Amino acid sequence: MATRAKQKIDFGCIETFTVASGQTVTAGYRVKFASADNECQNCGANEDGIGIALQAGAAGEKVSILLDGQGIVKVIVGTGGATRGSFAVTVANGFTNQAIADGTTVRYLAGKFMQTGVAGDTVGLLVGCPTPKSTA
């Protein structure tokens, strides 16, 4: 076992989140959104998340998260809406949620929503993150 884990995050996309009520965040664990756009909590086994916690925190405390992507860009929400933590796909009037499925129609994922919104809203989209090719 390594006594000193290597780390290089000079060009990482780091954001600050508040630990959700009743939750804790563990440094080095994968985290996901909680019940609000600016709240996070540890992921459970095999859950999709948004990044890795760089520090530990208890409910109400601020923690830094190294996000999965390279940056966050403002996008227009299209028909269908946007849900924080969901993958995004383009539609005629912006971006909307895209579930990962095992169908036959290829969907090209644009990133992961960082905020929830309805058609016409402007929200943050995490780009440059690993996105599986979805078929629905």
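Guide: In the largest nonpolar core, which has 15 residues, the members touching the most others are Phe17, Val25, Ile65 and Leu67. Such a core is a set of buried Ala, Val, Leu, Ile, Met, Phe, Trp, Tyr and Cys residues joined through side-chain atoms within 4.5 Å; buried means under 20% relative accessible area, exposed over 50%, and partly exposed in between (1.4 Å probe, protein chains only). Strands S1 (14–19), S3 (30–33) and S7 (62–67) each give two or more residues to this core, and S7 brings the largest share, 3 residues. Strands here are DSSP runs (E, at least two residues), numbered from the N terminus.

This is a predicted model, where local features need pLDDT of at least 70, side-chain atom pairs count only at pLDDT 80 or more, and totals for chains, interfaces and linings use all residues. Residues are numbered from 1 along each chain as its sequence is written, and side-chain values use heavy atoms, leaving out hydrogens and water.

Now look at phenylalanine 17. Leaving aside neighbours within four places in sequence, its contacts (heavy atoms within 4.5 Å) include Phe33, Asp37, Ile50, Ile65, Leu67 and Met114. One of these contacts, aspartate 37, also meets arginine 84 in a salt bridge (2.8 Å, N to O), meaning a side-chain nitrogen of Lys or Arg within 4 Å of a carboxyl oxygen of Asp or Glu. That pair links distant parts of the chain, 47 residues apart. Aspartate 37 is partly exposed, at 25% relative accessible area. Finally, a second, separate core of 8 residues includes Val75, Val77, Phe95 and Phe113.

Definitions and conventions. Helix = DSSP H or I, 4+ residues; strand = E, 2+ residues; numbered from the N terminus.
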